[in-house]
Amino acid sequence: MNNAQPPKVSVVLPAYNRERTILRALNSVLSQTFADFEILAVDDGSADGTIKAIQSCADPRIRCLRHEKNRGAAAARNTGIKAARGEYVAFLDSDDEWLPQKLELQTAALDACCPETGGNSTWTFDHFPQQERTVVHSPRIEGPFLKHIALGCDLRPGTALMIRRSVYDDVGLYDDTLTRLEDWDWLLRFAQKYTLDIVKEPLAHIHMGAMPPTSRVEAPTLAIIQRFLHPMTQFGRLFRQRAIALQYMLLAAGFFRDRRYGKGFRYFLKGFSQYPLQRPGTLVFVLDSLLGTSLALRVSQWKRRLFGSAQ
């Protein structure tokens, strides 16, 4: 296969203990209307039947790579990127799935862009099984991508992102020292050199799992604040303070949700002192997490009824 014509797209599909969902993800790729791809399925040291499930697919476009020990999502994606032969790299989380036209539409959109557009992402169907609801997640980028992504990653990079392979040679790989938020960290580096396009059509199903403990997100969040948000001055002092404060507020909400109220209040005060002009939606989200209510959900539903928003 290595002597064959390189495929247009390399699909990187990392998996860890996903024997129940990996075939659904693989079949969603094999069902694409665009067929010029390879699949780099990276088993990240699974202890279940993930590797056997991957090997049960006989399609010659699938290459199975394996870590002997679990090394994390960033390392698994890096292994796939290093082995990628395609012009473009597309990512799929092993518990998600694509609609049949995703690669066709996304590849055509990126082909039509200038080289400064380093990649694109799509809208998604986000499924929340615990709440028995599905929403269309439809991010829009207005203005510089760096300014957009500095406020947080509202994309679905694990499943919706497609990047030119050459960009990784320029920007570098994912930081595998980060236990979470490695995709946001990478996009902040990416955004300093490239812009990102959005295919405004939901082309993937995201199956939302339980939120991780906030203690796992705290250190990566603080590291990203120090690396990128504190030095960010090109958009003005108030914007920098707003971006930093928003991350403190999200940490506050997470610790409130985990019932660690002391840490929650400390981050709330840090966020409020950094930028007192908090948006009402942010305060509602934090209050919802503190009280354990569905206030944020009710406000979101009210907005959809009033304005017709899908978000």
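**View 1. R156 and its polar partners.** The side chains of R156 and D126 meet in a polar contact of 2.6 Å (N or O atoms within 3.5 Å; within protein, one must be able to donate a hydrogen and the other to accept it, and residues adjacent in sequence count only if both atoms are side-chain atoms). The side chain of R156 also makes a polar contact with that of H137, at 3.5 Å. Leaving aside residues up to four places away in sequence, R156 touches T124, D126, H137, L161, I206 and M208 (heavy atoms within 4.5 Å).

This is a predicted model, where local features need pLDDT of at least 70 and side-chain atom pairs count only at pLDDT 80 or more, while totals for chains, interfaces and linings use all residues. Residues are numbered from 1 along each chain as its sequence is written, and side-chain values use heavy atoms, with hydrogens and water left out.

**View 2. The aromatic pair of F91 and Y168.** Here the rings of F91 and Y168 are edge-to-face, with 6.4 Å centre to centre and 70 degrees between the planes (Phe, Tyr and six-membered Trp rings pair with centres within 6.5 Å; planes under 30 degrees apart are stacked, over 60 edge-to-face, the rest tilted). F91 counts as buried because its relative accessibility is 0% (buried is under 20% relative accessible area, with a 1.4 Å probe and protein chains only). Y168, at 3%, counts as buried too.

**View 3. Charges over rings.** The charged end of R133 sits over the ring of F128, 4.5 Å from its centre (NZ of Lys or CZ of Arg within 6 Å of the ring centre and within 35 degrees of the ring normal). K147 lies over the face of F239, 5.4 Å from the ring centre.

How values were computed: Buried < 20%, exposed > 50% of the residue type's maximum accessible area, 1.4 Å probe, protein only.
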